[in-house]
Amino acid sequence: MASSPGPAPLAALLLCALFTASAASRFAPADNHLIACGATAPAVLPDGRRFIPDSGCASTRLRSQSSTLPAAAPNAPAAPSPLHAAARVFSCHASYDLAIRRRGRHVLRLHFYPFDASLASARFHVGAGGFLLLHNFTASSPVVKEFLLPVHADVLALTFVPEAGSAAFVNAIELFSAPEELVGDIGTLVAADGINQTNGLSSQVFETLYRISVAGHKVTPFNDTLWRTWVNDEGFLVNKESSGTKAWSFGGRIAYPKDSRLMTREVAPDNVYSSARSVDSEGSVTWGFPVPAGSRYLVRMHFCDIVSKALYQLYFNIYVNGHLALKDFDISSTTGYLAYPYYIDFVADVEDEGMLKLAIGGSKMSRPGEASGFLNALEIMRVNKTGGGMDGDFPVILDMDYLLSKGIGEFARSLLCGLVFAGLFLALVTLVLRLRTELKNNGTIWSRQSIDSGDGKLARAYQLVPTKTDY
């Protein structure tokens, strides 16, 4: 009779099954470019992703008007990530052509790690598909720039343009297809004169500035199906000593709606919904985020009721830049379940102050002394100013085909001018030789003799003198 497996093999089988199920549920984008720029070997991250050197990537082509240089980081100190061990440095216009299998919205991440002074002082522009993402950009410290942009072609040209006398560089590139549910088309515009619905968000370009896990731990790419990083909100709290606030942690299961195409783990992972910060009916909590002034922002607030013991017990207000965005919000009427994730997209303009403030406040409709409202997570994304760039329209040429054709055209024009000049010179020489021959054959030659200038002095002149044979 066969014996049953012991505890250890059972545990191993269980862990294997869990890993297989988790791997099967991971997001698998149609396009997934992971490029280690300037590297000589693949870079493997803790989340399991493998970045391929840009010199050996079949689906990527690097174009430049001059040679590009791979640069290696110094041995000490050690780079914080395998992606930071090397970089590709450009002295002039250069472009990565990335093959696109499925058109639509894509996530683009650019990794910059300036491991020497020349990279830290480099100033350059970056564009994608003719759209200017970064203008007069300098990566003086390590940074990852993330964009969410629509791609309408079978090839996306990612272009780097150094400023005069400077260079451009990049350490790594991520480009992958975004889930359709990641960005909707409708948001709520919050302004001093009231709130209004705004449309067309799905056609915009976004730059991600903040991802915040409220009252929770940092969430790393290993625990996010889209490989995002969410940081704790402590450093952004404006009124840390506010009374009536409480931090919550949840150990249960987050109930994502079955077969929903609007609310999935790709919108936000379980970890950010498993923590929250609440306020009572008399309290409020405010967060402040430094942002570039003169821009429009998409603010996504994530809610998952891990606070209530039953439905229909929470009512609270939401404020954006000091303006009331939503009054007496009842999440139970919206979701119909506890521990059920939900988000709201607000749109706001930030002018001269350069600070975006978000707040939740209790409502008199809630029970006194008990939790009235909460927030689990939030995201802040900057919206493009114009159809040509994040910061507006600037005279930066991003089309590599134009630049290369311009270079070839200038060479062709120079060559043509040279040929024309050589042809004219040859024609002139031929004409002179022909004239000499004809004159000689006609008995007339060039002769130099002295003549009287009219005032008793002799002057030399060139004149035609007939020979004796003419007489």
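On a 1 Å grid over the protein atoms alone, a cavity is a set of points where a 1.4 Å probe fits but cannot get out. A search of the whole structure finds 1 cavity of 30 Å³ or more. This is a predicted model: local features need pLDDT of at least 70, side-chain atom pairs count only at pLDDT 80 or more, and totals for chains, interfaces and linings use all residues. Residues are numbered from 1 along each chain as its sequence is written, and side-chain values use heavy atoms, with hydrogens and water left out.

**The cavity**

- The largest cavity has a volume of about 120 Å³, where a volume is the space filled by probe spheres set on grid points joined across faces, edges and corners.
- Its lining has 14 residues (lining residues have an atom within 4 Å of a point).
- Leu 148, Leu 182, Arg 211, Glu 379 and Met 381 lie nearest the centre of this cavity.
- By class, the lining has 7 nonpolar, 1 polar and 6 charged residues (Ala, Val, Leu, Ile, Met, Phe, Trp, Tyr, Cys and Pro count as nonpolar, Asp, Glu, Lys and Arg as charged, and the others, Gly among them, as polar).
- β11 gives the most to this lining, with 3 residues.

**The pocket**

- The largest pocket (an open set with protein on both sides within 12 Å along at least five of seven lines) has a volume of about 810 Å³.
- Its lining has 29 residues, and His 111, Val 144, Pro 221, Arg 228 and Thr 229 lie nearest its centre.
- This lining has 15 nonpolar, 6 polar and 8 charged residues.
- β17 gives the most to the pocket lining, with 4 residues.

**The strands**

- Strands (E, at least two residues) are DSSP runs, numbered from the N terminus.
- Strands β8 (residues 104–112) and β11 (residues 143–151) pair in the antiparallel sense over 9 bridges (two strands pair if DSSP finds at least two bridges between them).
- His 111 has Val 144 in β11 as its bridge partner.
- β11 also pairs with β17 (residues 206–213), in the antiparallel sense, over 3 bridges.
- There, Glu 146 has Thr 208 in β17 as its bridge partner.

**Asn 376**

- Asn 376 sits in the loop between β27 (371–375) and β28 (377–383).
- Asn 376 counts as buried because its relative accessibility is 0% (buried means under 20% relative accessible area, exposed over 50%, partly exposed in between, with a 1.4 Å probe and protein chains only).
- The Asn 376 side chain reaches the backbone oxygen of Tyr 273 at 3.4 Å.

Key. A polar contact is a pair of N or O atoms within 3.5 Å; within protein, one must be able to donate a hydrogen and the other to accept it, and residues adjacent in sequence count only if both atoms are side-chain atoms.
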